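Dear colleague,

I am passing on the structure below, together with notes on what was found in it. Please read the notes with the coordinates open beside them.

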Amino acid sequence: MAGIKALVALSFTGAIGLTFLMLGCALEGYGVYWPLFVLVFHMISPIPYFIAKRVTDDSDASSSACQELAYFFTTGIVVSAFGLPIILARVSVIKWGACGLVLAGNAVIFITIQGFFFVFGRGDDFSW
């Protein structure tokens, strides 16, 4: 039952993050949909972790080179997701208010993704 509550809470926070992202694109004062490209970063951010989890042997070592490389790539993806709206606002493709909404949406969505791994990633019986 606790897993269902966590899943509902995570989906609610994910919806809030996507609402911020959509508001940054669709409000009448902004009206430019270029910030939606950060959705690509949201989709590919867990992929290095999934690959490292599959490749890494199940030893008791606290870290391995494969896991550290996956964390490095994931960090690069997350930083790129925050950097894209800032660059778009800097070159006047989007307005700074839209950039703020997209950055707030990014923060909420990435916290939701991390929360998913924290809640559901610990079990040994659950395999990707």
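**The loop residue Ser 92**

Ser 92 sits in the loop between H4 and H5, where helices (H or I, at least four residues) and strands (E, at least two) are DSSP runs, numbered from the N terminus. The phi of Ser 92 is positive, about 65 degrees, although the residue is not a glycine. Most residues other than glycine have a negative phi. Ser 92 is exposed, at a relative accessible area of 63%, with buried meaning under 20% relative accessible area, exposed over 50% and partly exposed in between (1.4 Å probe, protein chains only).

**Basis of the values**

This is a predicted model, in which local features need pLDDT of at least 70 and side-chain atom pairs count only at pLDDT 80 or more, while totals for chains, interfaces and linings use all residues. Residues are numbered from 1 along each chain as its sequence is written, and side-chain values use heavy atoms, with hydrogens and water left out.

**Overall fold**

The protein chain has five helices and zero strands, and read along the sequence its pattern is α-α-α-α-α. Of the 128 residues in the protein chain, 28% are buried. Taking contact to mean heavy atoms within 4.5 Å, residues 24 or more positions apart account for 66% of the contacts with a separation of 6 or more.

**Nonpolar cores**

A nonpolar core is here a set of buried Ala, Val, Leu, Ile, Met, Phe, Trp, Tyr and Cys residues joined through side-chain atoms within 4.5 Å. The largest one has ten residues, namely Leu 21, Val 38, Phe 41, Ile 77, Ala 81, Val 102, Ile 109, Phe 110, Ile 113 and Phe 117. At least two residues of this core come from each of helix H2 (38–44), H4 and H5, and H5 gives the most, with five residues. Apart from this core lies another, of five residues, including Ala 89, Ile 94, Ala 98 and Cys 99. In soluble globular proteins, nonpolar side chains tend to be buried together.

Val 102, a member of the largest core, is in contact with Phe 20, Leu 21, Gly 24, Pro 35, Val 38 and Pro 85, once its neighbours within four places in sequence are left aside. Ile 109, which lies in helix H5, is buried at a relative accessible area of 9%, and with the same exclusion of neighbours within four places it is in contact with Gly 14, Gly 17, Leu 18 and His 42. The C-alpha atoms of Ile 109 and Leu 10 are separated by 9.3 Å, although these residues are 99 apart along the chain.

Asn 106, found in helix H5, counts as buried at 0% relative accessibility. Not counting residues up to four places away in sequence, Asn 106 touches Val 38, His 42, Ala 81, Phe 82 and Pro 85.

Phe 20 belongs to helix H1 (residues 2–26) and is partly exposed, with a relative accessible area of 29%. Residues up to four places away being set aside, Phe 20 touches Leu 101, Val 102, Ala 104, Gly 105 and Val 108. For Phe 20 and Gly 105, which are 85 residues apart along the chain, the C-alpha separation is 4.8 Å.

**The second largest pocket**

The pocket search uses a 1 Å grid over the protein atoms alone, and a pocket is an open set of points where a 1.4 Å probe fits, with protein on both sides within 12 Å along at least five of seven lines; lining residues have an atom within 4 Å of a point. Grid points are joined across faces, edges and corners, and a volume is the space filled by probe spheres set on the points. On this basis the second largest pocket has a volume of about 330 Å³. Its lining consists of Ser 45, Pro 46, Tyr 49, Tyr 71, Thr 74, Thr 75, Val 78, Phe 110, Ile 113, Gln 114, Phe 117 and Phe 118. Helix H4 (65–90) and helix H5 (96–120) are the elements that give two or more residues to this lining, and the largest share, five residues, comes from H5. The lining divides into eight nonpolar, four polar and no charged residues, with Ala, Val, Leu, Ile, Met, Phe, Trp, Tyr, Cys and Pro counted as nonpolar, Asp, Glu, Lys and Arg as charged, and the others, Gly among them, as polar.

Tyr 49, one of the lining residues, lies in helix H3 (residues 47–55) and counts as partly exposed at 24% relative accessibility.

With kind regards
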